[in-house]
Amino acid sequence: MTKILKIEAFSGASGDMFLSALAQLSDNFDDLKTLPSKLNFDDHAEIIISDVKKNGIACKHIKVVEKAKQHHHRHLKDIILMIKNSSLTENAKKIAIDIFEIIGIAEAKVHNIPIEKIHFHEVGAVDSIIDICGAAFFLDKLKIDKSYLTTLITGKGFINTEHGKLPIPAPATKLIIESIPYLNGDEEGEKLTPTGAAIIKYLNPCFEQIPTIDIKTAYGPGEKDFITPNLLRLSISEINEEKENLINIETNIDDIQNEYLGIEFQNKLFENGAIDFYISQVIMKKGRPGNLLSIICKKNNLENIANFLFNSTSTIGLRYYPIERIELERNVNVIDTEFGKFHVKISKAPNGIEKVKPESEEILKYALENNIDPKIISNKIIGNYEKDNRN
């Protein structure tokens with residue numbers, strides 16, 4: 001199954017709206033409280049989570065409160081250094097830096113100055129840094145395969161800035177969404193902020209309608225009130241791969257050291273669109289030992305994967321052919337244990353027997369951080385699931 005993040009920005013988007021909705025999708029508002037500490041902001045900020053209703057829709061609003069208001073005009077390099085010195089995962093750091101660079105490139109173009117000289121004002125404040133890094137933190141946890149944008153409203157009119165009145169969308173925001181379809185909407189006021197626009201731009205959403213099954217939906221409220229509900233709606237959706245024109249790519253490799261086919265190579269396969277793959281040892285012509293690399297992917301990722309293999313291995317030829325596959329339907333549950341919350345995939349065989357599979361990456365991460373046998377955690381998760389679902 002392909003895991004899709006569906007974005008419905010019918011009332012625009014901002015950093016705090018994304019943060020609220022992503023936290024809800026991750027089933028983990030507790031981790032929000034740790035963000036200031038992860039970013040070394042313990043003495044500067046705290047996070048307040050409050051229950052609100054927007055046009056009758058109940059949700060949780062997240063507000064970053066600075067303990068001592070400061071007016072920092074940070075350069076991009078200062079923010080990047082702060083992120084690199086944080087305790088976020090390496091992938092979350094990369095996501096946050098990419099989002100800030102999207103904003104920096106737009107600001108530099110608007111003001112016609114080099115990006116290294118850009119001063120971040122509102123976006124460089126503690127609350128915005130936590131919003132962006134928090135969004136990156138949860139996007140890393142959710143492990144989205146692709147995203148889909150159904151609606152984007154920017155608002156209309158003018159906004160007061162330190163440069164005077166500017167049209168909505170603000171110039172930097174307008175540059176960020178240049179390649180993204182949007183509408184101004186009917187209401188006055190800024191609904192799409194540069195931070196919200198940059199997160200959408202980073203997610204690189206597709207815009208054509210795709211048939212999906214929504215698994216979970218969350219709402220991220222903004223602080224303002226409009227006639228329409230000031231909410232960002234995000235959904236985790238899935239689409240069956242067997243309906244998506246899958247292919248199998250194969251190549252024989254007999255003159256490359258096995259260490260070059262390790263974890264970094266394998267991660268790059270996934271980044272270029274591989275859904276699954278395996279490497280088999282084979283005997284090739286003339287009795288030479290070699291490796292058979294087989295990759296399942298969508299046909300529209302053929303060129304990406306082929307280019308990667310031609311650039312990164314000794315192979316000079318590939319073969320590919322269409323395939324079909326059958327998968328059991330699956331759901332994702334969150335199981336509480338004495339070790340914390342873990343995601344579990346639940347599928348049911350035709351004979352009615354359930355198959356319970358905890359997320360191995362979450363287990364291994366916790367096990368390594370706490371020096372615990374991963375099997376103990378896995379058994380506890382499965383045991384708790386069976387206990388909770390016992391008839």
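Author: Two strands pair if DSSP finds at least two bridges between them, where strands (E, at least two residues) and helices (H or I, at least four) are DSSP runs numbered from the N terminus. This is a predicted model, in which local features need pLDDT of at least 70 and side-chain atom pairs count only at pLDDT 80 or more, while totals for chains, interfaces and linings use all residues. Residues are numbered from 1 along each chain as its sequence is written, and side-chain values use heavy atoms, with hydrogens and water left out.

Reader: OK, which residue in S15 stands opposite Asn252?

Author: That is Leu292. Strand S13 (residues 246-253) and strand S15 (residues 289-298) pair over 8 bridges, in the antiparallel sense.

Reader: New topic: how many salt bridges does the structure hold?

Author: There are 17 salt bridges in the structure, each being a side-chain nitrogen of Lys or Arg within 4 Å of a carboxyl oxygen of Asp or Glu. One of them joins Lys63 to Glu223, with the closest N and O atoms 3.3 Å apart. This pair links distant parts of the chain, 160 residues apart: Lys63 is in strand S3 (residues 57-66), and Glu223 is in the loop between strand S11 (213-221) and strand S12 (231-239).

Reader: Is Glu223 buried or exposed?

Author: Glu223 is exposed, at a relative accessible area of 53%, whereas Lys63, at 36%, is partly exposed. Buried means under 20% relative accessible area, exposed means over 50%, and partly exposed lies in between (1.4 Å probe, protein chains only).

Reader: Which residue does Glu338 meet in a salt bridge?

Author: The side chain of Glu338 meets that of Lys380, at 3.3 Å from N to O. Glu338 sits in the loop between strand S17 (330-337) and strand S18 (340-348), and Lys380 in helix H11 (residues 374-388), 42 residues apart. Glu338 is exposed, with a relative accessible area of 60%, and Lys380 is partly exposed, at 30%.

Reader: Last topic: which residues touch the most other members of the largest nonpolar core?

Author: They are Phe18, Ile130 and Leu234, out of 65 residues in that core. Helix H5 (residues 126-142) gives the most to this core, with 11 residues. Apart from it lies another core of 16 residues, among them Ile247, Leu293, Cys297 and Ile305. A nonpolar core is a set of buried Ala, Val, Leu, Ile, Met, Phe, Trp, Tyr and Cys residues joined through side-chain atoms within 4.5 Å.

Reader: What does Leu234 touch?

Author: Not counting residues up to four places away in sequence, Leu234 touches several residues, including Leu5, Ile7, Phe18, Ala21, Leu22, Lys216 and Ala218.

Methods. Contact means heavy atoms within 4.5 Å.
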